[in-house]
Amino acid sequence: MTGLHTEVIGFVQRGIVSTGLLNPHLNISNNDANGKKIKADLGLLLIDESGKTIALEELEGKVIFINLWATRCPPCIAEMPGINALYKEFKDEDDVKCLMISLDNNFETAKSFIKRKGFEFEVYTPRNLPVMYDSGSIPSTFIIDKEGNLVLTHKGMADYDTSKFKEFIRQLK
């Protein structure tokens with residue numbers, strides 16, 4: 001009734017996220033059924049907040065944290081404070097990039113939400129979404145190592161502001 005139900009539910013789910021029960025399994029050797037490393041699809045095109053198109057292939061050689069989310073998604077909202085903390089931890093390191101990709105129908109909604117909440121990370125909207133990242137579930141998080149391998153896929157909310165996850169990112173650099 002207040003229009004804040006998504007944020008209220010997200011706040012409650014933030015408490016669940018803080019328990020660590022839903023955190024991703026950090027397995028650096030994310031291989032396919034034949035034991036081969038899975039190459040990330042670098043064909044993803046994004047539009048940044050200023051309207052500039054960014055190609056994922058431009059970030060090759062960096063560790064890339066990709067999170068797909070929407071303002072209508074309480075679990076997405078629940079994990080954002082942790083993602084913002086992760087972003088702040090690595091924002092000055094040139095070899096790590098955080099891509100928060102909004103799947104909202106209206107990109108202005110996402111941009112104003114991030115600004116209103118005071119999150120520091122930049123938000124993007126996809127120009128295209130390769131099949132590899134179209135999980136059908138939000139939030140979804142993907143980690144690409146500096147060699148361009150998809151090393152982590154996590155569907156659902158998680159706390160990315162943990163020492164264990166930060167160490168995982170550092171090991172990929």
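**Close-up 1**
Asp104 is buried, at 10% relative accessibility. Buried means under 20% relative accessible area, exposed means over 50%, and partly exposed lies in between (1.4 Å probe, protein chains only). This is a predicted model: local features need pLDDT of at least 70, side-chain atom pairs count only at pLDDT 80 or more, and totals for chains, interfaces and linings use all residues. Residues are numbered from 1 along each chain as its sequence is written, and side-chain values use heavy atoms, with hydrogens and water left out.

Which residue meets Asp104 in a salt bridge? Arg72 does, through its side chain (3.9 Å, N to O). A salt bridge is a side-chain nitrogen of Lys or Arg within 4 Å of a carboxyl oxygen of Asp or Glu. This pair links distant parts of the chain, 32 residues apart: Arg72 is in the loop between β3 and α2, and Asp104 is in the loop between β4 and α3. Helices (H or I, at least four residues) and strands (E, at least two) are DSSP runs, numbered from the N terminus.

Thr71 also sits in the loop between β3 and α2. Its side chain makes a polar contact with the side chain of Asp104 (2.7 Å). A polar contact is a pair of N or O atoms within 3.5 Å; within protein, one must be able to donate a hydrogen and the other to accept it, and residues adjacent in sequence count only if both atoms are side-chain atoms. Thr71 counts as buried, at 15% relative accessibility.

**Close-up 1. The disulfide of Cys73 and Cys76.**
The structure holds one disulfide. The bond joins Cys73 to Cys76, with 2.4 Å from S to S. A disulfide is a pair of cysteine sulfur atoms within 2.5 Å. The link of Cys73 and Cys76 is right-handed, with 80° about the S-S bond. Cys73 is buried at 6% relative accessible area, and Cys76 is buried at 0%.

**Close-up 2. Trp69 and the largest nonpolar core.**
A nonpolar core is a set of buried Ala, Val, Leu, Ile, Met, Phe, Trp, Tyr and Cys residues joined through side-chain atoms within 4.5 Å. The largest has 29 residues, and Phe65, Trp69 and Ile143 touch the most other members. α2 gives the most to this core, with six residues. Trp69 touches residues including Cys76, Met80, Phe113 and Asp104. Contact means heavy atoms within 4.5 Å.

Helix α4 spans residues 163–172, and its buried residues are Phe165, Lys166, Phe168, Ile169 and Leu172. They cover an arc of only 150° around the axis, so they lie on the same side of α4. The arc is that of the directions from the helix axis to the C-beta atoms. The face turned away carries the exposed residues Ser163 and Lys164. The buried residues of α4 pack against β3, α2, β4, β6 and β7.

Lys166 forms a salt bridge with Asp161, the closest N and O atoms being 2.7 Å apart. Lys166 is buried at 12% relative accessible area, whereas Asp161 is partly exposed at 32%. Glu89, Asp161, Lys166 and Arg170 are linked in a network of salt bridges.

The side chains of Lys173 and Glu93 also meet in a salt bridge (2.1 Å, N to O). Lys173 lies in the segment after α4 and Glu93 in the loop between α2 and β4, so the pair ties together parts that are 80 residues apart in sequence.

Definitions and conventions: Lists of a residue's contacts leave out its neighbours within four places in sequence.
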